[in-house]
Amino acid sequence: MVQGATSSAGKSFLCAGLCRWFARSGVRVAPFKSQNMSNNARVVEGGEIGTAQYIQALAAGVPPDVRMNPVLLKPETHTSSQVIVNGVFDRELSTLPWRGRSHLLWPHAQRALHSLLSEYELVVIEGAGSPAEINLYDDDFVNMRTAHEASAPVLVVADIDRGGAFAHLFGTWALCNDADRAQIQGFILNKFRGDSALLAPAPQLLAEMTGVPTLGVMPWIEHCLPDEDGVSIGQTNLASDAVIVGIVGYPTASNLDEFKPLEQIVKIVWVRNVETLKDVDFIVLPGSKHVSSDLAWLRSTGIADKVVQLARTGARILGICGGLQMLGEQLVDEADVDGNAVGLGLLPLTTKFKPEKRTVHVGTRFEAMDEPWKSLSGIAFSGYEIRHGKTSVTAPVNSALAGGLGYVKGSILAVYTHGLFESSDVVRALFSGVATTTLDDTFEQLADALDENLEMSTIARLAMIAM
């Protein structure tokens, strides 16, 4: 099990690397995280799971399934989340306070964990945040409770780029109780820039104080894995002639991981104020976990008016899922799912929200379109839908994707299907380029880095895998 001294220490990244390292060593391995909190999710058989575990399953070379992330919390406000259990939205649990539902969620995680343990030779488990959040300990089943349940040795990782990594590791160990400390079998320093020899004698001193060895120092790696929350920008294209794509970063923007492949081709900027739109060539309204409140945010920041103004001047604007709904005229909430709201009015569409949630894989093809979207005409791609809401047309408008999956009007394109930019054909048509590094390339890069920088023979022994 990989746990963190802090959030964003690199747990998801290391778990993906471990999944690939063990898989290419001939071990049948699966990822697992009891409970994830993220608005980035992927469709699998049975519903949806967090993107991190979906990616880790791909790294392991096994089909992603709902057991790998049995509980997913999708934040809607600072104090409330939609609760997904075994891939399916649970309305009743979503209404309960966090402390009131942990004991109800843990049995689902237990069953999923033991099911995976019975089917696979090895399960690589990801923790959440830190195991030393003593204010949350009694309700935290994602970290040490899961480690004990699986009898899993724990590696604690710290982000050394932040500074204070040795204090983070020691403090995590010190705040754990004796039983939990016994699970901690190794420390890992992650995201190091520079000469790791300069860290001495700190790793040895830390081992003398805790009895826990540091099993390696991972360098800073520019990789193509999406951030768990999808709001960070990696090494985006900074060429002077690169197309500038502005992705609107409203408070509950979702499925932002689908834009990761674009970093190699265009310059991405996150739009959180009107000024950011000044030099943008291409505007994206991404998915939204709470469309009505994100629309209110767009209006309060002035971005809504600016987007409408730019649309009238012919700027290319793409709405995806919640973004499609925003571009319409009206949101009508018939099931207390999202709230009523007035859309931007750029497309003749009305969306009605009902209790049911749609989670499906989709194969589709763009219909014939005029400029500026003509290059997409006839291109087929695969994606997925994760949404509430059914949209109807209120006046004549051209179809972009059959079956109500997409509409086009002048410079405005709106689609319900996520995964558009994961199609090399679509990306090439829009931006005259494709990503040169694939996900599989990245998995191999990570596995190689583990080999070079961590004591993998020790880690394999801890996992009771003879290598």
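The largest cavity in this predicted model holds about 190 Å³ of space, a volume being the space filled by probe spheres set on grid points joined across faces, edges and corners. A cavity here is a set of points on a 1 Å grid over the protein atoms alone where a 1.4 Å probe fits but cannot get out; a pocket is an open set with protein on both sides within 12 Å along at least five of seven lines, and lining residues have an atom within 4 Å of a point. Searching the whole structure turns up 2 cavities of 30 Å³ or more. Since the model is predicted, local features need pLDDT of at least 70 and side-chain atom pairs count only at pLDDT 80 or more, while totals for chains, interfaces and linings use all residues. Residues are numbered from 1 along each chain as its sequence is written, and side-chain values use heavy atoms, with hydrogens and water left out.

At least two lining residues come from each of strand E17 (287-288), helix H11 (322-327) and strand E23 (380-387); helices (H or I, at least four residues) and strands (E, at least two) are DSSP runs numbered from the N terminus. The lining splits into 5 nonpolar, 9 polar and 5 charged residues, where Ala, Val, Leu, Ile, Met, Phe, Trp, Tyr, Cys and Pro count as nonpolar, Asp, Glu, Lys and Arg as charged, and the others, Gly among them, as polar.

E23 turns up again in the second largest pocket, where it supplies at least two lining residues, as do strand E4 (41-44), helix H2 (51-60) and helix H12 (424-431). This pocket takes in about 700 Å³ and has 34 lining residues, Pro-261, Phe-421, Glu-422, Thr-437 and Leu-439 being nearest its centre. Of the lining, 15 residues are nonpolar, 13 polar and 6 charged.

E1 and strand E10 (residues 154-159) are joined by 3 bridges, and Val-2 has Leu-155 in E10 as its bridge partner.

Residues in contact (heavy atoms within 4.5 Å) include Phe-13, Leu-14 and Trp-21 in H1 and Phe-443, Leu-446 and Leu-450 in H13. The contact has 9 nonpolar, 1 polar and 6 charged residues.

Helix H6 (residues 165-175) and helix H8 (residues 202-210) cross at roughly 10°, their axes coming within 11 Å, and are therefore roughly parallel. Phe-166, Leu-169, Phe-170 and Trp-173 in H6 meet Ala-202, Pro-203, Leu-206, Met-209 and Thr-210 in H8. This contact has 8 nonpolar residues, 1 polar and no charged ones.

Key. Two strands pair if DSSP finds at least two bridges between them. Axes are lines fitted to C-alpha atoms, for helices over the stretch in contact, and angles run from 0 to 180 degrees between N-to-C directions. Angles under 35 degrees count as roughly parallel, over 145 as roughly antiparallel, 65 to 115 as roughly perpendicular and the rest as oblique.
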